[in-house]
Amino acid sequence: MTRPYLGNPKYTIEVLQKYNFAFQKRFGQNFLIDTHVLEKIIEASQITRDDFVLEIGPGIGTMTQYLAEAAREVVAVEIDKTLIPILENDTLKDWDNVTVINEDILKVDIAALAQEKNGGKPIKVVANLPYYITTPIIMGLFENHVPISSITIMVQKEVADRMQVGPGTKDYGALSLAVQYYARPQIIANVPPNCFMPRPKVGSAVIQLVRYEEPPVQVDNEKLMFRLIRASFNQRRKTLVNGLKNSQELDFSKEEIEKAMAETGIPVNVRGEALTLKEFADLANAFNKLR
Ligand code: SAM
C-alpha cells in the first residue's frame, strides 16, 4: 500500500500543478506541508485500528492519508467541489477505508454519521480547520451532544489560547468556558506559517480537546448557563447585573438577578469576566430554582 506522501511539499506542488488548483481564500485553504506536524497530530490523537475518524476539510488529502493508515475508517467532509476528483481519483485512491463527502460541515448531521458508521460510539474528530468556522464547529459538536471522545484540531494560535485560559485574562470568554465545561484542552504544538501552503498571516496551534465523561461542574440547566455566559461576555465591560438585565436571551428582573447572586455569594458589582466556570454553574442553578 502507498504510504502517506503529501506532507512532502514536492508532492503537494505536483498535485496542485497537475490539477491547476486555485486556492480559495473564502474557504480558508492553507495546506499542511510539514511531515513533523502531521506526525505529531496523528500521535496526539491516539488513533487505532478500532477508531472511526471524522476529518473536517481534507484539502488535497494530506492529513487524510495519515488518518487512513491509522484508523479503521475515515469520513472526510470537504466543501470545495473542485477538490473532490483530486481526492477520489488521485490522492486517496489507494486507501479503501476513506469516504469523501462534498458538503459544508455545518450542514452535516454528525450525530447521525456517528450512529451509522460507529454504532453511536464516541468518534474522534481531527481537522486543520478553516479559521472562520472554528467556533461554530466546536460549539456545534459539543452542544448537540455528538458522541465524541476527542477533537484534535489546528486553529489560530490566539483561539487555542482562548480555549485554555481562566478568569483575569483578556482572552477569557464564552469559548473558554464552553470548551472547559465539555473537555480538557491541551496545546499539542505551535505551528509557524511556513508549515503551510500558502502561508497564513497568523501563527497556528494544534489543540486537543478530550471530552469529559462527566462535566467538571454540576449544572441543572445547561442552556440557561450558556445564556448567562453569553450575556456576561456580550457586554464584558459592564457589571454582571447590567449584562444580565440587558440580555435579549434572558428575562429575569433586577430583583431576581440580585436574589440569585446573593444566594450564590457573588458580589453585585462584579463583572462577568471575573467569574469561574464553577461560579457560572452555581449562578445558573440559583436562577433555575427561581422559576
Ligand atoms: N486538511 C488539509 C491540510 O491540512 O492540508 C486542508 C486544511 S485547510 C486549512 C481547510 C480545508 O477546509 C480546506 O480544504 C477547505 O476547502 C475546507 N473547508 C472550508 N470550509 C469548510 C466547510 N464549511 N465544510 C467543510 N470543509 C470546509
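**View 1. The second largest pocket and the residues around its centre.** In this predicted model, 14 residues line the second largest pocket, and Thr135, Met139, Gly173, Ala174 and Leu175 lie nearest its centre. Elements giving two or more residues to this lining are α6 (134-143), α8 (174-182) and α9 (222-234). The volume of the second largest pocket is about 190 Å³. Sorted by class, its lining holds 6 nonpolar, 2 polar and 6 charged residues. A few terms for this view and the next ones: on a 1 Å grid over the protein atoms alone, a pocket is an open set of points with protein on both sides within 12 Å along at least five of seven lines, a cavity is a set of points where a 1.4 Å probe fits but cannot get out, and lining residues have an atom within 4 Å of a point. Grid points are joined across faces, edges and corners, and a volume is the space filled by probe spheres set on the points. Helices (H or I, at least four residues) and strands (E, at least two) are DSSP runs, numbered from the N terminus. Ala, Val, Leu, Ile, Met, Phe, Trp, Tyr, Cys and Pro count as nonpolar, Asp, Glu, Lys and Arg as charged, and the others, Gly among them, as polar.

**View 2. The largest pocket.** Here the volume is about 270 Å³. Among the 13 lining residues, Lys25, Gly28, Gln29, Asn30 and Pro200 are the closest to the centre of the largest pocket. Its lining divides into 5 nonpolar, 4 polar and 4 charged residues.

**View 3. The largest cavity.** The whole structure has 1 cavity of 30 Å³ or more. About 360 Å³ is the volume of the largest cavity. Of its 27 lining residues, Ile56, Gly57, Glu78, Asn128 and Pro130 lie nearest the centre. Two or more lining residues come from each of β1, β2 (52-56), α3 (62-70) and β3. The class count for this lining is 16 nonpolar, 7 polar and 4 charged.

**View 4. The ligand in its cavity.** The largest cavity is the space taken by the ligand; a molecule sits in a cavity or pocket if more than half of its atoms lie within 2 Å of its grid points. β1 (31-32) and β3 (73-78) are the elements that give two or more residues to the shell around the ligand. The ligand is surrounded by 23 residues, with Leu32, Gly57, Glu78, Asp104 and Asn128 the closest; a residue counts as near if one of its heavy atoms lies within 4 Å. By class, the shell has 11 nonpolar, 7 polar and 5 charged residues.

View 5. An N or O atom in the side chain of asparagine 128 is 2.8 Å from a ligand oxygen. In the side chain of glutamine 29, an N or O atom is 2.9 Å from an oxygen atom of the ligand. At proline 58, a polar backbone atom is 3.5 Å from a ligand nitrogen. The protein covers 99% of the 600 Å² of accessible area that the ligand has on its own, computed by the Shrake-Rupley method with a 1.4 Å probe.

**View 6. Backbone details in two loops.** Methionine 197 and proline 198 are joined by a cis peptide bond, with omega about -10°. Proline 198 sits in the loop between β8 (196-197) and β9 (204-211). In the loop between α2 (35-45) and β2 lies glutamine 46, a residue other than glycine with a positive phi, near 50°.

Residues are numbered from 1 along each chain as its sequence is written. In this predicted model, local features need pLDDT of at least 70 and side-chain atom pairs count only at pLDDT 80 or more, while totals for chains, interfaces and linings use all residues, and side-chain values use heavy atoms, with hydrogens and water left out.

How values were computed: Polar contact = N/O pair within 3.5 Å; in protein donor to acceptor, adjacent residues only side chain to side chain.
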